[in-house]
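Load the model in your viewer and keep the sequence panel open. The tour below tells you what to select at each stop and what to look for there.

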Amino acid sequence: MEKLLEACIAGRSGIRDGTGRVDDSLWLPFPDISLRDEEFSQLDFLRKDLQRNRALLMLIHVALQALRTESSRDALGERDGLIVATTTSRLANWEQAYRGFIQHQAAEDFLLRFGDRQSGLLLQELSNFLKFRGPSFLVVSACAAQLQAISIAHQWIHSGQVDRCLVLGCETMSEMTQEGFRSFQLTSFQVSRPFDQERDGINLSEAASALLMSRSSDVPSIAKIVGVGLSSDAYHMTSPSPEGVGLGIAVKEALLRAQLEASQLDWIHAHGTGSRHNDAAEAAMLSSLLGGSKVPITSTKPIHGHALACSGGLEAALCIEAMNRGMVLPTLGLKTPDPTLPALNFSKQLQKRSIRYLLKTCLGFGGVNAALVLRNHEFTD
Amino acid sequence: MNSLIELHLHILDAAIYSESEAASPQLASAFRKATPAMQMICTVADKILQKRTNEARKNLASILATEDGELDSSLSFLRGFYEEGYPRPIQFQNSLHHATLGFLGIQYGLQGASVTLSQGKGSDLAALRLASIWLKSGQAREVLVCSLDFPPHTGVEHFIKIAEPMLAPQFQALFEKRRPASALLLTKELSNQALGKETAFESIEALARAYLSI
């Protein structure tokens, strides 16, 4: 997280080849996690088949990081919940075997790998590794999945059914994801440029992220969730409604629950993919929401790419780190805001300012939307 | 034993998809680009949603529990790409597990929260647990919970066509399981229509059958 934040501050994009694929060495081995003996032997076993276990290893990596912070218990207990968000799960494992089957009739390998296809197995194996037997969810609702997961965890904790919830997100790069977005001519071969007049698409990336959420005031917190909102567009399978109507429902719900006016926000980290339609819909909705208020609007996706289901958690975590340092992270690649978009405060530069409230939004295929309002832990009601 | 009472849920309506049923005429034209899972969910949900007003539909939250989701479209997409070098956008958009619920939302104007859960045999219980959380938190007053699984026929047929015959039974066994679509409309508020007695459940389909037999 520290390296990612530094990259955002320095304006250093991780996008190298237009797909945003990160180097495997970023994740493996696990230099900063001290494993117990029994965990080490299990992990060693998993690492013998990196392709098959890539998503699981990424999830374990971030889960242990979150659980082993100084301020938290280092394992999930009976009163805890677990939520994982992903769309690809272990798709990369069996899609290559499918290619072998189609092109070379390598049936046995495909038969073996395809048994791994169900997303639920990922959750099951993660739970086994963490020795967790409590309630869990595996959310697969496209690019809004992890922000949805955070929202569900917030409501779950407040319902009193769980005390804490570990919310994980994971996307691994697959040929299907890359070719699928290319088939829609949605990918850019340059660093993406959200809200810019020359924006030409998104950068795909892979990531895993973890947030440990608790209601307890005994635990030092890094931020407080004060509002969540979920909605659907009911408009189109792949394009948001041009006015961002569905997203607006989610954002208004989150603000209502936070008991805030939009003008009280200090920062909006938009979904901001860099696609023509997404940015236009978000801008239209935000213009309607903000009126003349000049809340800074940014997107860090040009730095780390669009991590699909994991993007909400990854960007929320980045926002929290930046908020606690009194910084609004800039939108790399934004040179000239698109004049056809409403005139909003699209922020190109790093801003140092006190941030009390911020809004994070996510949109996804199928018309799914999520919004989250966070409050700086140093401020009270 | 899990029960609806423990989850503070009450059934307002239920429906089960029957393979002998044809889609309603209003839906048929919309199904041109729909996957079998989309057709199944619309057909079963229609039995519940046609009784609700447009305003009620607009605010309805929806949850789908599925194991294989839209895997059939994933295999079709990859097959087109690997065999012909032509990735078809429609198959990609349909390949996401959430596409099923997204399609239902478009057909019926559902603008409430919508989440797709895919966690094996635990999917149905997770869906009911999420409905309980949403109803308790005020996220929604009514939640439509759907459950279905459609075996990826594309992969099966193609496999059997070109693979070694001796492996075909093993592959088919991966897809033997099929769950017809079922749907429940849930609320936390008791009404004359609601099934308030303690009801243990094995699956959403079993709950729907129990409700409909009353």
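**Before you start**

This is a predicted model, in which local features need pLDDT of at least 70, side-chain atom pairs count only at pLDDT 80 or more, and totals for chains, interfaces and linings use all residues. Residues are numbered from 1 along each chain as its sequence is written, and chains are lettered from A and ligands numbered from 1 in the order in which they are written. The model has an ipTM of 0.94 and a pTM of 0.93.

**Stop 1: chain B**

Ten helices and five strands make up its secondary structure; helices (H or I, at least four residues) and strands (E, at least two) are DSSP runs, numbered from the N terminus. Of the 214 residues in chain B, 53% are buried. A residue is buried if 20 or more other C-beta atoms lie within 10 Å of its own, exposed if 12 or fewer, and partly exposed in between, with C-beta atoms placed from the backbone.

Among contacts in chain B with a separation of 6 or more, 77% are between residues 24 or more positions apart. Two residues are in contact if their C-beta atoms, placed from the backbone, lie within 7 Å.

The chain averages 84, and 82% of its residues score at least 70. Then select residues 191–196 of chain B, where pLDDT stays under 50. For this stretch the model has eleven contacts beyond four places in sequence.

**Stop 2: the interface**

Show both chains. Here 50 residues of chain A are in contact with 53 residues of chain B. On the side of chain A that touches chain B, the elements that each supply at least two residues include helix H4 (91–104), helix H5 (107–114), strand S2 (136–139) and strand S5 (223–232). The residues on this side of chain A divide into 24 nonpolar, 21 polar and five charged. In this count Ala, Val, Leu, Ile, Met, Phe, Trp, Tyr, Cys and Pro are nonpolar, Asp, Glu, Lys and Arg are charged, and the others, Gly among them, are polar.

Next, select helix H8 (175–183) of chain A together with helix H4 (residues 71–84) of chain B. Their axes come within 11 Å and cross at roughly 80°, which makes H8(A) roughly perpendicular to H4(B). Axes are lines fitted to C-alpha atoms, for helices over the stretch in contact, and angles run from 0 to 180 degrees between N-to-C directions. Angles under 35 degrees count as roughly parallel, over 145 as roughly antiparallel, 65 to 115 as roughly perpendicular and the rest as oblique. Met176(A), Glu179(A) and Gly180(A) of H8(A) make the contact with Ser74(B), Phe77(B), Leu78(B) and Phe81(B) of H4(B). Four of these residues are nonpolar, two polar and one charged.

**Stop 3: helix pairs in chain A**

Select helix H3 (residues 50–67) of chain A and H6(A). The two axes come within 10 Å and cross at roughly 40°, so H3(A) and H6(A) are oblique to each other. Ala55(A), Leu56(A), Leu59(A), Ile60(A) and Ala63(A) in H3(A) meet Leu122(A), Glu125(A), Leu126(A), Phe129(A) and Leu130(A) in H6(A). Nine of the residues in this contact are nonpolar, none polar and one charged.

Move to H7(A) and helix H12 (residues 311–324) of chain A, whose axes come within 5 Å and cross at roughly 70°. H7(A) and H12(A) are therefore roughly perpendicular to each other. In this pair Gln146(A), Leu147(A) and Ile150(A) of H7(A) meet Gly312(A), Gly313(A) and Ala316(A) of H12(A). The contact has three nonpolar, three polar and no charged residues.

**Stop 4: single residues**

Which value does phi take at Phe195(A)? Phi is near 70°, a positive value in a residue other than glycine. Phe195(A) lies in the loop between H8 and strand S4 (207–214) of chain A, and counts as buried because 27 C-beta neighbours lie inside 10 Å.

Gln259(A), in the loop between H9 and strand S6 (267–269) of chain A, has a positive phi near 55°. Gln259(A) is exposed, with 11 other C-beta atoms within 10 Å.

Finish in chain B with Gln39(B), which is in helix H2 (residues 36–49). Gln39(B) counts as buried, with 20 C-beta neighbours inside 10 Å.

Note on methods:
pLDDT is the predictor's confidence in each residue, from 0 to 100.
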